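Here is a short report on one protein chain. Please look over the sequence and the model before reading on.

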Amino acid sequence: MGFGSYDESEQQQQTADEDDVDAVNVHQNDHDGQLSFESDASTDELVSQLGAMRDESDDADE
């Protein structure tokens, strides 16, 4: 085969048998529970840390 040659059988339209296709269940890992955490940092400290992380991210993008 030369450059640009191909097997015509690879170029034919291929269809999937819909009965063999597994569906994706997007709700398989849904969780209806609660999430909580404890932190010794105050809200002001956490907001300050978030601002510092954003500043670092902005500096890295430049």
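How many helices and strands does the secondary structure of the chain come to? The count is 2 helices and 0 strands. Helices (H or I, at least four residues) and strands (E, at least two) are DSSP runs, numbered from the N terminus.

## Basis of the model

This is a predicted model: local features need pLDDT of at least 70, side-chain atom pairs count only at pLDDT 80 or more, and totals for chains, interfaces and linings use all residues. Residues are numbered from 1 along each chain as its sequence is written, and side-chain values use heavy atoms, without hydrogens and water.

## Ser39 in the loop

Ser39 sits in the loop between α1 (8-11) and α2. The Ser39 side chain reaches the backbone nitrogen of Ala41 at 3.1 Å.

## Asp59 in helix α2

Asp59 belongs to helix α2, residues 43-61. Asp59 is exposed (over 50%) because its relative accessible area is 55%.

Definitions and conventions
Buried < 20%, exposed > 50% of the residue type's maximum accessible area, 1.4 Å probe, protein only. Polar contact = N/O pair within 3.5 Å; in protein donor to acceptor, adjacent residues only side chain to side chain.
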